[in-house]
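Reader: I am new to reading protein models. Can we go through this one step by step?

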Amino acid sequence: MSTNCLTMYTGLKHLHSGLAYLVLAGLAFSFIYTLTGYLSKQPFTDKNRKMALIGFITMHLQLLAGLLIYLVSPLGVGNVSGETMKEPLARLYAVEHPLTMLIAVVLVTLGYTGLKKLTDSNKKFKRILVFYGIGLLLILIRIPWQVWPN
């Protein structure tokens, strides 16, 4: 790997790890804010929607960084093979982590974009809680904790 490519790869790794903190904070904040509104039986307001938008935006920023690193990383798409599937850490980087995170992004996206169709506040709160909650859970179980934040 040339010096420029190595520098770019290192920068992308740091960006991806740094954004992960923002994603976790953004989703947790969105989830807790929504849970508070739901439990106190408040109406779903534009402020609630904007708080959910924080989780949505951080997820999509991380998606872009993740796709870039997946394409340039020696552990990403170029490493997918039968041998990779036999090695747990290599399989995590090449398949499990990217696929699980993509599913989490889809869930958060569906949770947020589906708000437009709903009129009942209770259903809006529940939608965010379910979709963001499952997305956050998927993220937490597939972060490579043993090497994070490398």
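Author: Let us start with one definition. Buried means under 20% relative accessible area, exposed means over 50%, and partly exposed lies in between. Keep in mind that this is a predicted model.

Reader: Then how does K50 count: buried, partly exposed or exposed?
Author: The relative accessibility of K50 is 44%. Buried needs a value under 20%, and exposed needs one over 50%. K50 therefore counts as partly exposed.

Reader: What is the mean pLDDT of the protein chain, and which helix has the highest confidence?
Author: The protein chain averages a pLDDT of 91, and 96% of the residues score at least 70. Confidence is lowest in helix 3, at a mean of 85. The highest value, 97, belongs to helix 5.

Reader: How many helices and how many strands does the protein chain have?
Author: Read the elements from the N terminus on: they run α-α-α-α-α. The count for the protein chain is 5 helices and 0 strands.

Reader: What box do the C-alpha atoms fill?
Author: The box is taken along the principal axes of the protein chain. Of the 150 residues in this chain, 35% count as buried. The C-alpha atoms fill roughly 55 × 30 × 25 Å.

Reader: Is L6 buried or exposed, or in between?
Author: L6 has a relative accessible area of 44%. That value falls between the cut-offs of 20% and 50%, so L6 is partly exposed.

Reader: How many salt bridges does a search of the whole structure find?
Author: Side chains of opposite charge can pair when their charged atoms come close. Another is E83 with K86. The search finds 5 salt bridges.

Reader: What is the N to O distance between D46 and K50?
Author: D46 and K50 also lie in helix 2. They are 4 residues apart, about one turn of the helix. Their side chains meet in a salt bridge, with an N to O distance of 3.3 Å.

Reader: Where do E83 and K86 pair, and are they buried or exposed?
Author: Their side chains meet in a salt bridge of 3.4 Å, N to O. The two residues are 3 residues apart in helix 3, about one helical turn. E83 has 56% relative accessibility and K86 has 63%. Both values are over 50%, so E83 and K86 count as exposed.

Reader: Which residues do salt bridges with shared partners join into one network?
Author: The network joins D46, R49 and K50.

Reader: How far does helix 2 reach from its first C-alpha to its last?
Author: Helix 2 has 27 residues. Its buried residues include M51, F56, M59 and I69. At 1.5 Å a residue, 39 Å is expected, and helix 2 reaches 39 Å.

Reader: Where in helix 4 does the kink lie?
Author: Helix 4 has 26 residues and reaches 35 Å, close to the expected 38 Å. Among its buried residues are L92, H97, M101 and Y112. The kink is about 35° and comes shortly before the proline P98. It lies at E96.

Reader: With which side chain does the side chain of S73 make a polar contact?
Author: S73 is placed in the loop between helix 2 and helix 3. At 9% relative accessibility, under the 20% cut-off, S73 counts as buried. The contact spans 3.3 Å, and the partner is the side chain of Y9.

Methods. Residues numbered from 1 in each chain as written. Predicted model: local features only at pLDDT ≥ 70, side-chain atom pairs only at ≥ 80, totals over all residues. Heavy atoms only, no water. Salt bridge = Lys/Arg side-chain N within 4 Å of Asp/Glu carboxyl O. Buried < 20%, exposed > 50% of the residue type's maximum accessible area, 1.4 Å probe, protein only. pLDDT = per-residue confidence, 0-100. Polar contact = N/O pair within 3.5 Å; in protein donor to acceptor, adjacent residues only side chain to side chain. Expected span 1.5 Å × (residues − 1). Bend = angle between axes of the 7 residues up to and from the residue.
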